[in-house]
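Thanks for coming. I have one structure to go through today, so let me put it on the screen.

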Amino acid sequence: MINIKVNGITELKQLKQLDGLSIDFAGFDFNEQSPRYLGGKIPGKELRGADFDIRKVGVFTDAGYDDIMKIKDEYGIDVVQLLGNETPDLCEQLSGEMEVIKAFSIIDSKVSIEELINDYDEVCDYYLFAAGRPTDWKRLTKSRIEKPFFLGGNIGPDDIKKLKAFTHPDFFGVDINEQFEKSVGIKDMVSILQFKQGLKK
């Protein structure tokens, strides 16, 4: 079973809809430069009090420990996803408070996957590997990862066949975002449902 994380949620109504579709993770962008920045769109109290099964992921780029913890407390975040150059020390600090997803770009990287993740092995719960389009995850298939990981990087509805063909013992889930939007920050639920059903077939 492939887990699905839908990133860039900006409406509580859409979070409820994703929960209704039994989507596993919902990502909320706390990067102020992002067009999907959550600030001012969903009050922290409402998100914190939302009684859903879906897991709430706070997405950050090079934020400090105190800033991340403030958001965790205000919005009731279950998991933190780190997109920048965060250190293993920061990941270790955060891992004492919540689960940690560390993201790595594998676009044109001359560094092996093992080298990318080596320093983070003991301090993260998941990895996320972002490729470009067209998506190419071939270099992951023979890599020793030994931790559940997401595939990401502009995954779209036309990637179902490729995702189903991808094999790795630690492949855990997919991270989807703008390819499933009607407009910036507003997801197409029909497209997401079809994607989920397509992965099951």
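I will take the barrel, then the cores, then one lysine.

This is a predicted model, so local features need pLDDT of at least 70 and side-chain atom pairs count only at pLDDT 80 or more, while totals for chains, interfaces and linings use all residues. Numbering runs from 1 along each chain as its sequence is written, and side-chain values use heavy atoms, with hydrogens and water left out.

Eight strands close into a barrel, in the order 1-2-3-4-5-6-7-8, with parallel pairing. Strands here are DSSP E runs of at least two residues, helices H or I runs of at least four, numbered from the N terminus; two strands pair if DSSP finds at least two bridges between them. Strand 3 (residues 55-60) and strand 4 (residues 79-82) pair over four bridges. In one of these strands, strand 4, Gln81 is the bridge partner of Val59.

Now the cores. A nonpolar core is a set of buried Ala, Val, Leu, Ile, Met, Phe, Trp, Tyr and Cys residues joined through side-chain atoms within 4.5 Å, and buried means under 20% relative accessible area with a 1.4 Å probe, protein chains only. The largest has 56 residues, and Phe129, Leu140 and Phe195 have the most contacts inside it. A second, separate core of nine residues includes Val59 and Val79.

Last, Lys196, in helix 8 (residues 189-200). Which side chain of opposite charge is nearest to Lys196? That is Asp24, 6.4 Å away; Lys196 is buried and has no salt bridge, meaning a Lys or Arg side-chain nitrogen within 4 Å of an Asp or Glu carboxyl oxygen. For charge, Lys and Arg count as positive, Asp and Glu as negative; His and the chain ends are not counted.

How values were computed: Buried < 20%, exposed > 50% of the residue type's maximum accessible area, 1.4 Å probe, protein only.
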